[in-house]
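Hi everyone, thanks for coming. Have the sequence and the structure up on your screens, and I'll walk you through some helices.

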Amino acid sequence: MSSSNKHALTIFSLTMITVGSVDSIRNLPATALFGSQLIFFFLLGALFFLIPTALVSAELASGWPKQGGIYIWVKEAFGKKTGFLAIWLQWIENVIWYPTILSFVAGTIGYLINPSLTGNPWFLWTIIVASFWGATLINLRGMRSSALFSNICAISGLLLPMSLIIGLGAVWLFGGNPSQVSFDTQSLIPHVQDKSLWVSLTAIMMSFCGIEIATVHANDVNNPQHAFPKALIISVAIILGTLILGSLAIAVVLPQQDINLVAGIMQAFDAFFARYHLSGMMPVVALMLVMGGLGGVSNWIIAPTKGLMVAAQDGNMAQVFQRANQHGAPVVMLIAQAIIVTLLSTLFLFMPSVNGSYWLLTALAAQLYMLMYLLMFAAAIKLRIRQPEQARGFRIPGGLPGLLFVAGVGIVGALTTLVVSFMPPDGINIGTVTRYELTLISGLLLMCLPPFLSTWMQGRRELDKGLVAE
C-alpha cells in the first residue's frame, strides 16, 4: 500500500464504513414481515449475536491490529489453513450476498420506472451486473477513493432515507392514521410455535452481519487499539435503533401480504408520500436508496478482498492472486469476484420467483457467514487462554469467564441461525422443499470446497519443489 493511503481513515470514516456495511435499508422489508413482534426479535438478535460479535471483534481487533482481520485472528489461534478457511467464508459469503443487495438497487430503479419491472428477472440481472462492475472500478482506484465514496453513500444513501422513513412512520402513527400492526402486549409477544417467525430470524441475523468488517483496515487508521472499540460502540447504537424503527415504519403502513422483498421500501415511501401529497419526492428518495445500496456494496467489495489478499500473500493461494495495482487494490481478486457475481446473478433468471431467488441467496450467505463467526468466537476463546498476556486495547470484562459467556452466547446465536436457515419460508415461491434444501446443501458444500482444494494444491507444489531440489 502506498504511503499516501496510510492512515486514510478517521474514527468517523471507520464508523461510516461499519454502519454502511451492516446497517442496510434494503433489509427492512424482510424484517417488517414480523410486524410489531420484530422489536422482540431484533433485541433477541442483538443480545445473542450483534453485541457478542461486536465485543469479540473489538477485543481481537485491538489485540491483533494487523491487516487481514478475521484471517489474522483465526490464524493466530488455529494456524494458517484454518485462518484461510475463515477469510474465504467471509469473502465467498459476500460474493453470494452482492446480488441480493443489488437486486434492491435494481428494484428501486424499476419501481420508479414501472413497478412491474421489480418482478422482471432480466431487468434485475442487467442492473445488478452493471452496478457491481461500476463499484469494482471505483475500488480499483484504492482505499482513499473507496472511503470517500462510502462516506458520501452512508450519509446520503443510508442515514438520510432511514431517518426520513422513521420520521414518516412516526408522523403516520401520531397523526391518527390506520396502522397495519398493533402495539398491545399480546401483539408484541412472539408466538414461539409459529415456524415462519423463526425462519425469518435468518433475515434478522443477516441484518446484523458484518460488524467486524472494518477491522481489516487496521493499517489505514491511527491508533487502532482506540479507534476500533469506539467506532464499534457507536455503530451498534446506530444500527440497532435504525433497523428497529425503520422496520416498524414499513410494518405500520403496508399490509404484511403486500410487502415485496425487493421493492418494499419504495412501496412504503409511495404510501407515505401519497398520503401527504409528496409524490414528487419519489425520484429523490430513489436516488438516495440507490446511493446507499452502491455504498454498501463498495464497502464489502474491498474489505473481505483485502483480507483474502493477506491470506494469499501468506502462501495460501497461487501467485497470480497476490497481484495489486499502483493503488494497492487486489486487482486480480476484484476482477475474479466481479465475474463470479455476474454468474451468480443468473439465479434471478432461473428461480421460480424473484423473491425465491432473493431468499435462497440470503439463506446460503447466512449459513456461510455463521460458519465464519463460529470460527471467530472459538479463536477468541483460544487466544484468551493461550495468549492472556497479549496487549489488548479492549478486553471483554469479567476475565476468562466473561469472555466465555459472551462468546458462548454468540455461538448459540450463530448455531440457531444455521439450523433455521434450512427451513423453507412460507409465502415465498422457492419450488419444492426438497429442491430448496438440496440447493442449499449443494451450495454450502461447493462454496466451502475451494480452501481445501487450494491447500491441497499448495501442498502438492511444495512437495514437487522438494523432489526437484533433491
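**Helix pairs and a kink**

Let's start with a contact: Ile70, Tyr71, Val74, Lys75 and Phe78 of H4 touch Lys80, Thr82, Gly83, Phe84, Ala86, Ile87 and Gln90 of H5, where contact means heavy atoms within 4.5 Å. Sorted by class, that contact has seven nonpolar, three polar and two charged residues; nonpolar is Ala, Val, Leu, Ile, Met, Phe, Trp, Tyr, Cys and Pro, charged is Asp, Glu, Lys and Arg, and polar is the others, Gly among them.

Quick housekeeping: this is a predicted model, so local features need pLDDT of at least 70 and side-chain atom pairs pLDDT 80 or more, while totals for chains, interfaces and linings use all residues. Residues are numbered from 1 along each chain as its sequence is written, and side-chain values use heavy atoms, leaving out hydrogens and water. Helices here are DSSP runs (H or I, at least four residues), numbered from the N terminus.

Back to our pair. H4 covers residues 70-78 and H5 residues 80-113, and their axes come within 7 Å, crossing at roughly 150 degrees. Axes are lines fitted to C-alpha atoms over the stretch in contact, with angles from 0 to 180 degrees between N-to-C directions. So H4 and H5 are roughly antiparallel, a word for angles over 145 degrees.

Next up, H6 (residues 121-139) and H14 (residues 331-344): what is their crossing angle? Roughly 175 degrees, with the axes coming within 10 Å. That makes these two, H6 and H14, roughly antiparallel. Among the H6 residues in this contact are Trp125, Phe132 and Trp133, and on the H14 side they include Leu334 and Ile339. The classes there are nine nonpolar, four polar and no charged.

Then there's H10 (residues 201-208) with H17 (residues 399-420), whose axes come within 9 Å and cross at roughly 135 degrees. Leu201, Thr202 and Met205 of H10 meet Gly413, Thr416, Thr417 and Val420 of H17. That contact has three nonpolar, four polar and no charged residues.

Last one: H3, residues 38-63, has 26 residues and reaches 35 Å from its first C-alpha to its last. Where is the kink in H3 centred? On Ala46, and the kink is about 50 degrees, taken between axes fitted to the seven residues ending there and the seven starting there.

Conventions: Parallel < 35°, antiparallel > 145°, perpendicular 65-115°, else oblique. Expected span 1.5 Å × (residues − 1).
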